[in-house]
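Please view the sequence and the model together while reading.

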Amino acid sequence: HKFHGPKGVGFAFIRKGIVLHSIIIGGEQEKGLRAGTEAVHNIAGMEVAFNLCYKNLDKNTEKLKNLKQYFIHQLKHHFPEIVFNGTSESLEESSYAIVNVGFPALQHQDNTLLFQLDLKGVACSKGSACQSGNVQVSHVLSAFMPKEALQYPSLRFSFSAFNTIEEVDFLIESLKEISLNKY
């Protein structure tokens, strides 16, 4: 999904000499490592998506860097108390597609912030996909952030080549509206 391939398919690069054992017993597909019928249409779709992603990598990387930089600027302008978690603010020291921020001004809405953004059609998270549904503080943020910084809501925003400046503006406006709610 990181390069917009079909859901339900993936690939693994396995270095020579690495021994893997099957966790799904059955047929001999995938050299005996995976039972079940291959979803050829998904595999072909994944290849097309990967090739398109690779072909447009430089152009999309530049677009995402600009989008991230714009988002950071807007956050700082509208939420001067914002805290960028880790190296999230840096274009050189972090992913060009991810911003992880803490909102001290929205501390009173820690339990509802994600929900309110979802109602507005904004997809973001409190952590990685494998942590979805977890209401605990991110174990990753807990490992390097001071305890007092973990008291306010932190959100992780990921961008793709399909996102636009207008969507960032909508996100900023949504955050501003939510910040005005004091419930």
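F50 counts as partly exposed because its relative accessibility is 39%, where buried means under 20% relative accessible area, exposed over 50% and partly exposed in between (1.4 Å probe, protein chains only). The model is predicted: local features need pLDDT of at least 70, side-chain atom pairs count only at pLDDT 80 or more, and totals for chains, interfaces and linings use all residues. Residues are numbered from 1 along each chain as its sequence is written, and side-chain values use heavy atoms, with hydrogens and water left out.

**Aromatic pairs**

- The whole structure contains six aromatic pairs; rings of Phe, Tyr and Trp (its six-membered ring) pair if their centres lie within 6.5 Å, with planes under 30 degrees apart counted as stacked, over 60 as edge-to-face and the rest as tilted.
- One of them joins F3 and F50 edge-to-face, at 5.2 Å centre to centre and 80° between the planes.
- This pair links distant parts of the chain, 47 residues apart: F3 lies in the segment before α1 (29-32) and F50 in helix α2 (residues 40-55).
- Helices (H or I, at least four residues) and strands (E, at least two) are DSSP runs, numbered from the N terminus.
- F3 counts as buried because its relative accessibility is 17%.
- F3, F11 and F50 form one aromatic cluster.

**Helix α2**

- The buried residues of α2 are N42, M46 and A49.
- They cover an arc of only 70° around the axis, so they lie on the same side of α2; the arc is that of the directions from the helix axis to the C-beta atoms.
- The face turned away from the buried side of α2 carries the exposed residues V40, H41, E47, Y54 and K55.
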